[in-house]
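These are my notebook entries on one structure, set down in the order in which I looked things up.

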Amino acid sequence: MSSGAPGASAPAVLANKKQQGSTVLPTKRQESILELAKLLDQRVRVKCLGGREVKGALRGYDDLVNLVLEDCDEFLRDPHDPNYRITNETRKLGLVVIRGTQVSLVAPEDGMEEIENPFLEADGGDDEAGDS
């Protein structure tokens with residue numbers, strides 16, 4: 001029986017894939033760049049891929065960014081607007097679980113703090129415009 005055939009043992013299939021040079025499992029777990037832990041038990045606003053926006057108290061999350069929001073309100077859209085823009089009207093949803101694949105933005109409702117831009121190079125003090 002060949003190692004790629006149906007019914008082949010899992011170790012044989014994995015060994016065959018490793019011989020072909022393909023990676024089966026990631027070797028190192030990648031850390032999330034989201035710092036949702038500091039937003040726990042705070043009010044957040046979440047934008048979803050379908051255009052929905054909700055706000056509520058973040059009670060939990062996982063590695064896949066599945067979110068649990070308590071006391072959640074959904075912002076309603078204007079049905080008369082061709083772009084279905086978000087209005088200030090809300091409807092109460094209560095306790096909500098939002099699937100991580102739908103989450104596009106999570107922001108604190110109270111505002112945000114400014115952080116240093118990690119992509120800007122540090123100014124070394126050599127000012128080319130000042131050379132005269």
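Predicted model: local features only at pLDDT ≥ 70, side-chain atom pairs only at ≥ 80, totals over all residues.

**Entry 1**

I found Arg45 in strand S1, where strands (E, at least two residues) and helices (H or I, at least four) are DSSP runs numbered from the N terminus. Residues are numbered from 1 along each chain as its sequence is written, and side-chain values use heavy atoms, with hydrogens and water left out.

I looked up the accessibility of Arg45 and read a relative accessible area of 28%, so the residue is partly exposed; buried means under 20%, exposed over 50% and partly exposed in between, with a 1.4 Å probe and protein chains only. The charged end of Arg45 sits over the ring of Phe75, 3.8 Å from the ring centre, the rule being that NZ of Lys or CZ of Arg is within 6 Å of the centre and within 35 degrees of the ring normal.

I then listed the contacts of Arg45 (heavy atoms within 4.5 Å), leaving aside neighbours within four places in sequence, and found among them Glu53, Phe75, Ile86, Leu105 and Val106. Val106 is 61 residues from Arg45 in sequence, yet their C-alpha atoms are 5.9 Å apart.

**Entry 2: Glu53**

Which side chain does the side chain of Glu53 meet in a polar contact? It is that of Arg45, at 2.7 Å; a polar contact is a pair of N or O atoms within 3.5 Å, where within protein one must be able to donate a hydrogen and the other to accept it, and residues adjacent in sequence count only if both atoms are side-chain atoms. Glu53 has its place in strand S2 and counts as buried, at 10% relative accessibility. Beyond four places in sequence, the contacts of Glu53 include Val46, Asp73, Phe75 and Ile86.

**Entry 3: the strands around S2**

I counted five bridges between strand S1 (residues 43–48) and S2, which run antiparallel, and two strands pair if DSSP finds at least two bridges between them. The bridge partner of Arg45 in S2 is Lys55. Four residues lie between the strands of this hairpin, and Gly51 there takes a positive phi near 105 degrees.

On S2 and strand S3 (residues 67–77), I noted seven bridges and again an antiparallel course, with Tyr61 standing opposite Leu67. The hairpin of S2 and S3 has five residues between the strands, and Val65 in the turn has a positive phi of about 65 degrees. Seven of the nine residues of S2 (residues 53–61) are buried, so this strand is largely enclosed by the rest of the structure.

**Entry 4: the cysteines**

I accordingly recorded zero disulfides in the structure. Cys48 counts as buried at 15% relative accessibility, and Cys72 is also buried, with a relative accessible area of 0%.

**Entry 5: the chain as a whole**

Of its 132 residues, 19% count as buried. Among contacts between residues at least 6 apart in sequence, 43% join residues at least 24 apart.

Key
Disulfide = S-S within 2.5 Å.
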